[in-house]
Amino acid sequence: MGRQPWVMRLGKIIIWVDHGLHRVFRGRVSLVAIAGLPSLRLTVTGRKSGLPRSHNLLYFPYRGGFVLVGSNWGRPRNPAWTANLRANPAATVEIRGKTVPVCATLVEGECYDELWRRLVEFWPGYEMERVAAGREFPIFVLTRR
């Protein structure tokens, strides 16, 4: 499924449905999880507003933490949550109704290349989205605080 271009076109609908599921089931159910993939709800502080901003995202389990990719469904711009994490790396993730405080680190250099290979093996759609977006995606490792 991750290699199908039509999945990217459904991005806005998938996000809307996923938010509704989160609200109804209080974080215990997500569309991504129903598809058999790991998902979490990231809450970051808005860099301009100072208000909490939440996003349901696919994640890659990594060394007891979480890896997030700023793919934005293959759109040309990075998602807003990436700028918020850069401004303030302290955040929380909610997984199956449990909230975990985390600290984000932007991945760069050789570590980026190695992690990117692993991410594309995990979710091949990332490569298709990268080509469509025409940009390198920011990758963040979130570790528990």
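Helices, here runs of at least four residues, and strands, runs of at least two, are assigned by DSSP and numbered from the N terminus. On that basis this predicted model has 6 helices and 7 strands, which follow one another from the N terminus as α-α-α-β-β-β-β-α-β-β-α-α-β.

**Overall figures**
- Among contacts between residues at least 6 apart in sequence, 64% join residues that lie at least 24 apart.

- The 7 strands form an open sheet in the order β2-β1-β5-β6-β7-β4-β3, and the pairing is antiparallel.
- At the edges stand β2 and β3 (60-62), each with a single partner strand, so one side of each is left without a neighbour in the sheet.
- Neighbouring strands of this sheet are turned against each other by 35 degrees on average, with direction ignored.
- Within the sheet, β4 and β7 run antiparallel and are joined by 4 bridges; Leu 68 has Phe 140 of β7 as its bridge partner.

**Helix α4**
- Helix α4 spans residues 80-87, and its buried residues are Trp 81, Thr 82, Asn 84 and Leu 85.
- Viewed down the axis of α4, these buried residues fall within an arc of 165 degrees, so they line one face of the helix.
- The buried residues of α4 pack against β1 (39-45), β2 (52-58), β4 (65-69), β5 (90-95), β6 (98-106) and β7 (139-144).
- Helix α4 lies across β1, β2, β4, β5, β6 and β7, and its direction makes an angle of about 55 degrees with β1.

**Helix α5**
- Helix α5, which covers residues 109-122, lies across β2, β3, β4 and β7 and runs at about 130 degrees to β3.
- With 14 residues, α5 reaches 20 Å from its first C-alpha to its last, close to the 20 Å expected at 1.5 Å a residue.
- In α5, the residues Tyr 112, Leu 115, Trp 116 and Leu 119 are buried.
- Down the axis of α5, its buried residues fall within an arc of 115 degrees, so they line one face of the helix.
- An α-helix has 3.6 residues a turn, so residues three or four places apart point the same way.
- The cover over the buried residues of α5 includes β3, β4, α6 (125-133) and β7, whereas Glu 110, Arg 117 and Glu 121, on the other side of α5, are exposed.

Definitions and conventions. Residues numbered from 1 in each chain as written. Predicted model: local features only at pLDDT ≥ 70, side-chain atom pairs only at ≥ 80, totals over all residues. Heavy atoms only, no water. Contact = heavy atoms within 4.5 Å. Buried < 20%, exposed > 50% of the residue type's maximum accessible area, 1.4 Å probe, protein only. Arc of directions from axis to C-beta. Pairing = 2+ DSSP bridges. Axes fitted to C-alpha atoms, helices over the stretch in contact; angles between N-to-C directions. Expected span 1.5 Å × (residues − 1).
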